[in-house]
Amino acid sequence: MKKTLFLAAAAAATLLAAGCSSDEPAAASADSLTVSSAWAKAAESGMTGAFAELENTGDTDIHIVSAASPSSARTEIHEMAAGDGGAMVMREKADGLVIPAHSTHSLAPGNDHLMLMDLVEPVLPGTEVTFELTFEDGSTTEFTAQVRACSGAQENYQPSAGAGANHGG
């Protein structure tokens, strides 16, 4: 009887270990992100904003640490925050953007958004802009955003260093 129980316990432990092996690769953050309704505001030069719905379909939070686009020399993840004197200004989110498991985060005018800085070419209505998001785990994902003419709000940009400018995000 003891031998049978021991063998059954050993078999169960083997099955558990096989199903819960820590050697299995973890799902990449990029695999859990769905991007929809992506668009960017048209601009001839300077800077502009891009917006989208970001959905984390995974079971763990995902952390976007940076963004890039071939349409700009620099792309930043921005937030709206109270600046000096209490006026709302845009500024880079120093720690990136965390999207909790099974939730959606809107990148929208007047809210968090992607900022294309120092455009290398005009971003014209009817064209598309490509973006690459990089996650804390090193994975990446690409998406395209349709460019639209939009007179949107004219928020103030509070740069982390250097001179300020206006933005039409």
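Reply: Arg91 counts as partly exposed, at 33% relative accessibility (partly exposed lies between buried, under 20% relative accessible area, and exposed, over 50%, with a 1.4 Å probe and protein chains only). The model is predicted: local features need pLDDT of at least 70 and side-chain atom pairs count only at pLDDT 80 or more, while totals for chains, interfaces and linings use all residues. Residues are numbered from 1 along each chain as its sequence is written, and side-chain values use heavy atoms, with hydrogens and water left out.

The structure holds five salt bridges, a salt bridge being a side-chain nitrogen of Lys or Arg within 4 Å of a carboxyl oxygen of Asp or Glu. One of them joins Arg91 to Glu79, at 3.0 Å from N to O. Because Arg91 belongs to strand 5 (residues 88-92) and Glu79 to strand 4 (residues 72-82), this pair ties together parts twelve residues apart in sequence; strands are DSSP runs (E, at least two residues), numbered from the N terminus. Glu79 is buried, its relative accessible area being 19%.

Glu79 also meets Lys93 in a salt bridge, at 3.7 Å from N to O. Lys93 sits in the loop between strand 5 and strand 6 (97-99), so its pairing with Glu79 in strand 4 ties together parts 14 residues apart in sequence. Lys93 is buried, with a relative accessible area of 18%.

Asp112 is buried, as is Lys93.

Technical notes. Helices (H or I, at least four residues) and strands (E, at least two) are DSSP runs, numbered from the N terminus.
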